[in-house]
Protein chains: 2
Amino acid sequence: MLKRLLYTVALITLLHNTSAQVKFYPAKQFTMVGKAQETDSFYHRLDTNKYKGLPKRVTQLLANTAGLAISFKTNSTSISAKWCVSRSRPNQYLTPIANKGLDLYVKIDGKWQFAGVGKNTALCSDEVIINNMDNTEKEFLLYLPLYDVIRQLEIGVDSKAKIETGINPFRHKILIYGSSIVQGASASRPGMAYPAKLSRLSGINFINLGFSGSAKMEPEVADMVASVDADAYILDCVPNANAQEIKQRTAYLVNAIRKKHPKAPIIVMQSVIRERGYVDKKMGEAVRNQNLAIQNEVLKLLQANVKDLYFITSEKMLGFDHEGSIDGTHPNDLGFERMVNYIYPIIKETLSKHGIN
Amino acid sequence: MLKRLLYTVALITLLHNTSAQVKFYPAKQFTMVGKAQETDSFYHRLDTNKYKGLPKRVTQLLANTAGLAISFKTNSTSISAKWCVSRSRPNQYLTPIANKGLDLYVKIDGKWQFAGVGKNTALCSDEVIINNMDNTEKEFLLYLPLYDVIRQLEIGVDSKAKIETGINPFRHKILIYGSSIVQGASASRPGMAYPAKLSRLSGINFINLGFSGSAKMEPEVADMVASVDADAYILDCVPNANAQEIKQRTAYLVNAIRKKHPKAPIIVMQSVIRERGYVDKKMGEAVRNQNLAIQNEVLKLLQANVKDLYFITSEKMLGFDHEGSIDGTHPNDLGFERMVNYIYPIIKETLSKHGIN
């Protein structure tokens, strides 16, 4: 009996100590980085009620936090997080960390450097992301889940530490509209999605408007993309549309953007060549047809004097050893690294021509 | 009523056709590649009942199929699989494909090339891995789950296709004893674990004896490692043992191997530097101490005239941009690629000195 009482007292003391050491702050009081535009819902990529007639799946995916990150600065020696996601089934092609977890970067010597991850362990997780840091003030970026919604998020620091909102560390705004590959499948963690990699590499703000399996260039989606003010537009939306859809819809999408943004460069990308397509002849042919279709559409638009329109071919995108994907479709971290090494110099040069540096 | 009857007939016809198209064969009738030695249990890496006093977790992990692959050849245009795994909880650091799924390679122009994956969808999955291939005979390697057991596995091919057992395509036998990193965390799929990458790259048979979190060089485990006949031994077991354990146990492990295998080269590797350790000062110090401890132990052994003992330092193993891990500890596919690019030339040269080419 006495033993049990002592145990209970010890437990209460332990819980008290633990909670006394870390103080949690709602993430909503800090700066959100990576949004296409301001929205009513802090954790949505766009306000879906502003857009009518979107495919249902696109509306759902706009609530996924792909590409979003919380910017804050603190002198805390530890960073924790409490966050809640949805009951959506785990994605077959993602680690739980990329799917529903968090990914923390810290600025060291002027560069963003990986610091730690928040493992998703339940509907609501409570995790220490990093500890034992020195207590100088540092800037942090906390990337949110690639393939789920955030219902709630609090960031925890040492109870006596200072924590303040950070700045958006990235210049300009480049919108990337595309498929699951843009959304981040299959990076190992949220910060390894290719738009996030491009942002850290360039200092330029690449916005993730990836819609897993649903980047089909429907006119309503094209209007939504065009409605977002950006300095440039990257269209990586070939993988989800078949050759016929590409033929029917590319011109509308490009023209919709051009009409609203007369001077913004538009960069169209071919689909990564699906590694399975080298063995699955039908899949190989389908991707070749998609890539031929998009090339033809871009050529037609250029011949029709659409200005500041650029095209990136994909044959070298994932390298030549066929190891750059998880499943023959979605790049793994090795594939994304190769893809960024290939597209970044082209994108950089193109943006630079338009004074976007 | 008539409509329902017609629907039922159509469904039965469809099911009949589907099952008529694919014929399944027990994987046990084909060649198993990647085993340390022959075992009673086809899907276990070692017979645990041969070894007494192993830590419980090591015994459990010996039933994980990390590094194992089924070798077969067929002229089928499609490959399917039905397999059953355990109810173990999904691993936080792995995709479901790496954790409990399958990974198929095909030999094209003399090289092993990725073909497709078997997604783990349930306790027992039934998946088409690849289809629409041409119908020439080809050699295949089907890698098994990295972090689970196989309860049952059947390989499906076109009902009229020929399927035969394949050969072990890899020469010699090099045992790699180590931690979760050897076992494959956090490759995106089974074929991307680093021992599997080394085998395909070199044509040499690297055996995965990775024990997640449990590579602590206990004397009983050391005796087990030493009991396996191999042409060389790679010890990548620093991450799980603390500096004190490394100091106490390294000599016993190396000497146990040397005693049983007087001429086999033994290559000891430092731990990859945990990326989180650059920010988490305590973790950084712990890894430095582990790596210093192993270096001291190897130096002592060399000074005590242990022959054919080699050492690989780890400072360049994952590159310098801190992007090569999923969580600051486990390499992602990018990290494993860098690790292999770094260690392979050293291992190749070392083995070559001993006539292992």
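An unreviewed UniProt entry lists residues 173-348 of chain A as "domain: SGNH hydrolase-type esterase". Please keep in mind as you look around that this is a predicted model.

**Strand S4 of chain A**

- Strand S4 covers residues 79-84 of chain A, and 5 of its 6 residues are buried, so the strand is largely enclosed by the rest of the structure.
- S4(A) runs antiparallel to strand S7 (residues 124-130) of chain A, and 6 bridges join the two.
- To find this pairing in the model, look for Cys84(A), which stands opposite Cys124(A) in S7(A).
- S4(A) also pairs with strand S9 (residues 152-158) of chain A, in the antiparallel sense and over 6 bridges.

**The largest pocket**

- The largest pocket has a volume of about 640 Å³.
- Its lining is made up of 34 residues, and the ones nearest the centre of the pocket are Pro90(A), Pro96(A), Arg89(B), Pro90(B) and Pro96(B).
- Helix H3 (96-100) of chain A and helix H3 (96-100) of chain B are the elements that give two or more residues to this lining.
- By residue type, the lining of the largest pocket divides into 16 polar, 12 nonpolar and 6 charged residues.

Conventions:
Residues are numbered from 1 along each chain as its sequence is written. Chains are lettered from A and ligands numbered from 1 in the order in which they are written. This is a predicted model: local features need pLDDT of at least 70, side-chain atom pairs count only at pLDDT 80 or more; totals for chains, interfaces and linings use all residues. Side-chain values use heavy atoms; hydrogens and water are left out. On a 1 Å grid over the protein atoms alone, a cavity is a set of points where a 1.4 Å probe fits but cannot get out, and a pocket is an open set with protein on both sides within 12 Å along at least five of seven lines; lining residues have an atom within 4 Å of a point. Grid points are joined across faces, edges and corners, and a volume is the space filled by probe spheres set on the points. Helices (H or I, at least four residues) and strands (E, at least two) are DSSP runs, numbered from the N terminus. Ala, Val, Leu, Ile, Met, Phe, Trp, Tyr, Cys and Pro count as nonpolar, Asp, Glu, Lys and Arg as charged, and the others, Gly among them, as polar. Buried means under 20% relative accessible area, exposed over 50%, partly exposed in between (1.4 Å probe, protein chains only). Two strands pair if DSSP finds at least two bridges between them. UniProt positions are given in the numbering used here, feature names are shortened, and annotations may be inferred rather than shown by experiment.
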